[in-house]
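Trainee: I would like to go through this chain with you. Please show me the structure before we start.

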Amino acid sequence: MSDENETTGSPEPREHGDRIIGTPSPATQRNLIVEDDEAPAPAGAGAELDEGEAKRAERVVAALFVLAFFASLGFMVYFVGWSGRHGGMHGLERTRESNMWLGGLMALAFLAMGVGVTIWVRRLMTSKPIIQERHEFSATPDDRSAFATDVLEGAQDSGLKRPLLRRTLLLAAAPLGLAPLFLLRDLGPLPEKKLRSTYWGEAVRKAQAQGRRGVRLVVDGTDRALRVSDFAAPGSMITVLPEGMEKDVPHEDVLTQMAKSVTILINVPADQFKPAPGRENWHIGGIVAYSKICTHVGCPAALYEQTTHHILCPCHQSTFDATDAAKVVFGPAARPLPQLPLAEEDGYIIATADFPEPIGPSFWERG
Ligand code: FES
């Protein structure tokens with residue numbers, strides 16, 4: 001490393017350079033390095049503010065901190081009031097309105113805090129240059145005690161001794177510290193048992209209330225109930241949902257319910273199909289239904305290999321055997337795809353109950 005002091009560009013080698021840290025003063029002197037101990041301080045450095053001006057600056061800062069406090073308070077009041085009025089996060093318009101108010105109030109709180117702190121630093125704190133000596137790394141006891149003195153002096157000069165500033169700063173910071181707790185409410189209500197069942201269960205109960213054995217299956221994207229004869233070709237696979245779902249489920253819930261209920265229907269050649277014990281009558285001559293939600297982390301297991309009868313999840317290549325209760329034959333998934341019990345009624349394929357276990361990632365088995 002060259003002996004030349006790079007910061008100053010001085011050709012004279014310096015055994016120990018001095019570096020000023022902190023905001024440079026508006027001095028005309030271009031070098032940041034104090035050449036010797038007698039060098040004049042930059043213009044304005046160490047100047048004491050006139051007490052009248054300091055008081056005015058103090059009041060402005062305090063007003064900004066109070067504004068930050070009220071903006072934070074407004075954030076919390078709006079959040080609680082808005083949630084109470086609308087009972088949760090539903091609807092694009094309401095969410096947009098809430099984001100605008102919550103974001104605006106929080107931005108105002110941070111802006112007022114930031115401007116207040118900036119004025120405090122620029123107007124009320126000392127502008128004395130602080131010199132950091134670049135000697136060897138370990139400090140002598142004298143250096144340490146000088147450092148401690150500097151810190152204490154800096155604390156004195158910072159204006160923290162002004163009780164109005166100190167108190168209003170604490171006032172402004174307190175609600176901001178609590179704001180993240182309020183944001184937790186944006187996660188919505190606890191799911192309770194909702195994730196353990198799907199709309200299939202409710203649809204079956206409704207169908208049974210009308211004297212039928214179960215709910216018919218419709219091909220995703222159509223309203224047409226599926227007959228056994230419509231799905232007679234071995235090796236085929238389609239995506240199905242419960243009949244009447246779009247009419248019965250409230251508009252804001254329909255996509256959620258569809259995402260949970262989405263099911264694949266596969267016609268496995270009857271001679272290759274191995275029903276799981278206790279589920280011998282859950283298929284119709286090899287027509288079998290499994291949840292389409294991968295039990296790894298929930299991607300749609302949407303690929304089907306006709307020759308091997310394997311269901312593939314494209315996300316991380318989990319592979320399930322459609323002939324053998326959708327057991328995992330490869331990949332990171334830890335459990336089979338849940339199976340939907342099927343039967344035939346009046347020539348239609350029906351589901352007679354919900355999935356017997358939670359669909360989706362294996363977490364729910366452990367929950
Ligand atoms: S989500 Fe299906 S393998 Fe990972």
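**Salt bridges and surface**

Mentor: The count of salt bridges in this chain comes to 10. The model is a predicted one.

Trainee: How far apart are N and O in the salt bridge of Arg 123 and Glu 53?

Mentor: The two side chains meet in a salt bridge, and the cut-off for such a pair is 4 Å. For Arg 123 and Glu 53 the distance from N to O is 2.9 Å.

Trainee: How many residues apart in sequence are the parts that Arg 123 and Glu 53 tie together?

Mentor: Arg 123 lies in helix 2, while Glu 53 lies in helix 1, residues 51-86. The pair therefore ties together parts whose separation in sequence is 70 residues.

Trainee: Does Glu 53 count as buried, partly exposed or exposed, and what about Arg 123?

Mentor: Buried means under 20% relative accessible area and exposed means over 50%, with partly exposed in between. Glu 53 has 30% relative accessibility, so Glu 53 counts as partly exposed. Arg 123 has 37%, so Arg 123 also counts as partly exposed.

Trainee: Which residue forms a salt bridge with Arg 212, and where does that residue lie?

Mentor: The closest N and O atoms of the pair are 4.0 Å apart, and the partner of Arg 212 is Glu 243. The pair links distant parts of the chain, 31 residues apart, with Arg 212 in the loop between helix 5 and strand 5 (215-219). Glu 243 is in the loop between strand 6 (237-242) and helix 6 (245-248).

Trainee: What is the relative accessible area of Glu 243?

Mentor: Arg 212 has 26% relative accessibility and so counts as partly exposed. Glu 243 is partly exposed too, with a relative accessible area of 27%.

Trainee: Which residue forms a salt bridge with Lys 327?

Mentor: Lys 327 is at 42% relative accessibility, so Lys 327 counts as partly exposed. The closest N and O atoms of its salt bridge are 3.6 Å apart, and the partner is Asp 324.

Trainee: Which residues are linked with Arg 162 in a network of salt bridges?

Mentor: Side chains of opposite charge can pair when their charged atoms come close. In this network, Arg 162 is linked with Glu 51, Lys 55 and Glu 58.

Trainee: Where is Leu 187, and is Leu 187 buried or exposed?

Mentor: Leu 187 lies in the loop between helix 4 (163-183) and helix 5 (199-209). Its relative accessibility is 69%, and the cut-off is over 50%, so Leu 187 counts as exposed.

Trainee: How much accessible area does the nonpolar patch with Leu 187 have?

Mentor: The patch is on the surface and is formed by Leu 178, Leu 181, Leu 184 and Leu 187. Together these residues have an accessible area of about 430 Å².

Trainee: Which residues of helix 5 are buried, and what follows the helix?

Mentor: The buried residues in helix 5 are Tyr 199, Trp 200, Gly 201, Ala 203, Val 204 and Ala 207. Helix 5 is followed by a residue with a positive phi, near 85 degrees, and that residue is Gly 211.

Trainee: What percentage of the residues of the chain count as buried?

Mentor: The chain has 8 helices and 15 strands. Its accessible surface comes to about 21800 Å², with 58% of that belonging to carbon and sulfur atoms. Of the 367 residues, the part that counts as buried is 36%.

Terms used. Residues are numbered from 1 along each chain as its sequence is written. This is a predicted model: local features need pLDDT of at least 70, side-chain atom pairs count only at pLDDT 80 or more; totals for chains, interfaces and linings use all residues. Side-chain values use heavy atoms; hydrogens and water are left out. Patches are made of residues with over 30% relative accessible area and no salt bridge: like charges are joined within 9 Å, nonpolar side chains (Val, Leu, Ile, Met, Phe, Trp, Tyr) within 5 Å. Accessible areas come from the Shrake-Rupley method with a 1.4 Å probe; for residues, only the protein chains shown count as cover. Helices (H or I, at least four residues) and strands (E, at least two) are DSSP runs, numbered from the N terminus. Buried means under 20% relative accessible area, exposed over 50%, partly exposed in between (1.4 Å probe, protein chains only).
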